[in-house]
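The stops below are meant to be taken in order.

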Amino acid sequence: MLSVQAAPAKVNLALHVTRRREDGYHDLESLVVFADVADDIEALPAKSDTLVITGPFAKALGNGDNLITRAVAAFRAQWPGAVEQPLAMTLRKNLPVAAGIGGGSADAAAALRLMVSLSNTPIPLPELSALALRLGADVPACLLSVPLVARGVGEILSPLPEFPTLHIVLVNPLVPVATADIFRRLRAHDNYTLPALPSPLTRPAQLGIWLAETRNDLQPPAIKLVPAIGDLIELLGLTQGCILARMSGSGATVFGLFGSSGQAHQAAQVMRAANPDHWVAAAPLIVP
């Protein structure tokens, strides 16, 4: 029987770096949302666990060990016998790699959700989240794939019970950016925390006003490394109806927020016409 899970793109609408820790990692505060554009994982019963990668960005990953195979192995080690059947898995890689939109973390989280869906025993979410964190700092957030505030290294999660209906345009110049390179170029490591969110948060205008008081602290060093990021932010910000244009995560994906599907798709057309060699997607946000 075929099992399918989507791995939606993760977008940091705001990202403040608040402290450099003694272990070398950074404490962050981030407003995280997920767009309805995704990688897809399919699984069929097999004689052994295998993974094949297809799709437009398959070549960027290769077919070696990755977070999906590690997630499945970790799940089987923690809950032996919960999913007795070995699986032949196929990842359709629709999202660009090293793009600041969760990629591998979202794929690992989707693999864990797939294993839970096939499990013959209930899997407690706290234990699953702890396993997800061992795979990567972003995996617990991707496990939920709902609007949330993430703190710490990304493991302290506060899902938002309400969120405005919004549409997003994602643009990536297809220049891979390594997160470690951006953090090495970061000058200030002790920026102020996110302001308090409006409650209830239900209208796009509320979110737009709040976002105007926030930043992505990784954006300036990323623009120095890849100047095209700054050009994309400027062009996307000028499109009709754009509430905010900013970089997501450590880049190089840039996003624009819009109040309607029509505005988002029109902006996507503008960005494709101006940058025919870039990856461009328009999609609704996944909301509660």
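What follows is a list of selections, each with a note on what is found there.

Before selecting anything, note that this is a predicted model, in which local features need pLDDT of at least 70, side-chain atom pairs count only at pLDDT 80 or more, and totals for chains, interfaces and linings use all residues. Residues are numbered from 1 along each chain as its sequence is written, and side-chain values use heavy atoms, with hydrogens and water left out.

**Helices α1 and α3**

Select residues 67-78, helix α1, and residues 125-135, helix α3; their axes come within 10 Å and cross at roughly 140°. Helices here are DSSP runs of H or I with at least four residues, strands are runs of E with at least two, and both are numbered from the N terminus. Axes are lines fitted to C-alpha atoms, for helices over the stretch in contact, and angles run from 0 to 180 degrees between N-to-C directions. The two helices, α1 and α3, are therefore oblique to each other; angles under 35 degrees count as roughly parallel, over 145 as roughly antiparallel, 65 to 115 as roughly perpendicular and the rest as oblique.

Now show the side chains of L67, R70, A71, A74, F75 and Q78 on α1, and of E127, L128, L131, R134 and L135 on α3, which make the contact (heavy atoms within 4.5 Å). By class, the residues of this contact between α1 and α3 are seven nonpolar, one polar and three charged. Ala, Val, Leu, Ile, Met, Phe, Trp, Tyr, Cys and Pro count as nonpolar, Asp, Glu, Lys and Arg as charged, and the others, Gly among them, as polar.

**F75 and W79**

How are the planes of F75 and W79 set in their aromatic pair? The pair is tilted, with 5.0 Å centre to centre and 50° between the planes. Rings of Phe, Tyr and Trp (its six-membered ring) pair if their centres lie within 6.5 Å; planes under 30 degrees apart count as stacked, over 60 as edge-to-face and the rest as tilted. F75 counts as buried at 1% relative accessibility, and W79 counts as buried at 11%. Buried means under 20% relative accessible area, exposed over 50%, and partly exposed in between (1.4 Å probe, protein chains only).

**N66**

Select N66, in the loop between β3 (50-54) and α1. N66 is buried, at 13% relative accessible area. Neighbours within four places in sequence aside, N66 contacts L51, I53, L61 and L91.

Move to helix α6, residues 204-211, where the buried residues are Q206, L207, G208, W210 and L211. Their cover includes β1 (3-20), β2 (26-45), β8 (244-247) and β9 (254-258).

Next select D217, in the loop between α6 and α7 (219-225). D217 is buried, at 8% relative accessible area. Apart from neighbours within four places in sequence, D217 contacts L15, H16, V17, L186 and N191.

**Backbone stops**

Most residues other than glycine have a negative phi, and most peptide bonds are trans. Select S199 and P200: the peptide bond between them is cis, with omega near 0°. P200 lies in the loop between α5 (179-184) and α6. Then take G251 and A252, joined by a cis peptide bond with omega near 10°.

Finish with S145, whose phi is positive, near 50°, and L174, whose phi is positive, near 60°. S145 counts as buried at 9% relative accessibility, while L174 counts as partly exposed at 40%.
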